[in-house]
Amino acid sequence: MPEGKIMKALSGFYYVKDKDRVIRCRGRGLFRKKKITPLVGDYVEYQAENDGEGYLLDIDERKNELTRPPIANVDQAVLVFSAIEPDFSTSLLDRFLILVESHHIDPLICISKMDLLTDEQTKKIEQLAKQYEKIGYTVLRSSAIWDDGMATLTPHLEEKITVFAGQSGVGKSSILNALRPDLELRTDQISSSLGRGKHTTRHVELLSIGSGLVADTPGFSALEFSELELDELPSCFPEMVHYGENCKFRGCLHMNEPKCGVKLAVESEDIPAYRYKHYQQFYDEIKSRKPRY
Ligand SMILES: Nc1nc2c(ncn2[C@@H]2O[C@H](COP(=O)(O)OP(=O)(O)OP(=O)(O)O)[C@@H](O)[C@H]2O)c(=O)[nH]1
Ligand SMILES: [Zn+2]
């Protein structure tokens with residue numbers, strides 16, 4: 001059976017890309033019975049009925065899936081954080097990082113609006129950027145008004161499914177538009193060709209950028225740790241995994257345990273105090289979460 005990847009889901013149709021062609025597929029009753037909804041990003045087997053149409057037969061196992069936007073097999077999340085307007089927030093960045101890590105998605109930090117900074121402000125942002133690089137994260141500096149502002153980003157998108165994330169106003173749309181100048185036009189065309197007036201169907205689409213695919217809708221709008229368990233939290237902080245090797249107790253949660261390698265690293269400032277503070281905050285937040293039934 002031919003295989004492809006769902007690029008777009010709209011009005012009950014799944015647009016499956018198989019090499020150079022796109023086949024418009026229906027899901028048939030099969031998935032509804034099994035209560036599986038095909039998602040954008042799914043690898044599927046399909047049966048073509050004619051040149052451009054067919055139906056889905058099976059869905060490959062997913063590596064992960066997001067609910068908002070509904071998309072499967074995400075490899076990478078570009079966390080867009082503006083250097084200013086709104087101000088750079090390590091607390092929000094750490095929250096995004098943990099959410100992304102807990103979905104087994106690789107984060108890429110992109111600091112936007114670098115053009116708006118004074119030299120003094122640039123130094124401060126650079127200091128923070130270096131701290132995140134020391135943990136092992138890739139940190140890009142970008143600006144929508146620099147000619148080469150996106151040139152650093154595009155190589156990181158190759159061969160991956162990427163979703164953008166970040167709070168409102170940081171410049172996600174500006175980056176997407178710079179990557180795909182035709183995007184705005186296409187979005188307009190889609191909504192007018194639907195012609196349904198006020199009742200517009202929300203849909204998600206993967207856009208090709210070089211050999212990479214980028215979701216046109218930002219992800220991680222819900223920022224609470226509803227699915228994360230307490231004992232999974234330390235593994236979402238790469239530097240705690242590293243310094244945690246020095247903890248006396250296996251499964252140390254780095255809170256009140258004696259001889260904790262992480263707390264020692266905080267004391268010696270190998271782990272910045274704010275990172276540990278955020279760890280404690282997230283720990284308390286998960287601990288006091290209402291149990292789900
Ligand atoms: N100076 C400067 N302004 C920028 C840059 N990137 C975005 N902006 C401006 O910041 C504002 C917000 O940018 P958007 O791209 O709409 O931000 P967004 O993250 O998509 O925001 P939401 O759609 O609300 O999630 C706009 O007025 C942009 O023109 C940048 O690199 N430099
Ligand atoms: Zn410990």
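Analyst: A residue is called buried if 20 or more other C-beta atoms, placed from the backbone, lie within 10 Å of its own, exposed if 12 or fewer do, and partly exposed in between. The structure above is a predicted model, in which local features need pLDDT of at least 70 and side-chain atom pairs count only at pLDDT 80 or more, while totals for chains, interfaces and linings use all residues. Residues are numbered from 1 along each chain as its sequence is written, and chains are lettered from A and ligands numbered from 1 in the order in which they are written.

User: Is Leu108 buried or exposed, and how do you know?

Analyst: Leu108 has 21 other C-beta atoms within 10 Å, and therefore it is buried.

User: Where does Leu108 sit, and what is in contact with Leu108?

Analyst: Leu108 belongs to strand β9, which runs over residues 106–112; strands (E, at least two residues) and helices (H or I, at least four) are DSSP runs, numbered from the N terminus. Two residues are in contact if their C-beta atoms lie within 7 Å, and, leaving aside neighbours within four places in sequence, Leu108 is in contact with Gln76, Val78, Leu79, Thr138, Leu140 and His156. Leu79, for its part, touches several residues besides Leu108, among them Leu93, Phe96 and Ile109. By contrast, the C-alpha atoms of Leu108 and Glu120, twelve residues apart along the chain, are separated by 25 Å.

User: Which residues of α8 are buried, and why are they said to lie on the same side?

Analyst: The buried residues of α8 are Arg275, His278, Tyr279 and Phe282. They cover an arc of only 105° around the axis (taken from the directions from the axis to the C-beta atoms), and this puts them on the same side of α8. These buried residues pack against α2 (90–102) and α6 (238–243), whereas the face turned away from the buried side carries the exposed residues Ala273, Gln280, Asp284 and Lys287.

User: How many helices and strands does the protein chain have?

Analyst: The protein chain has eight helices and 13 strands, and its C-alpha atoms fill a box of roughly 65 × 50 × 35 Å, taken along the principal axes.
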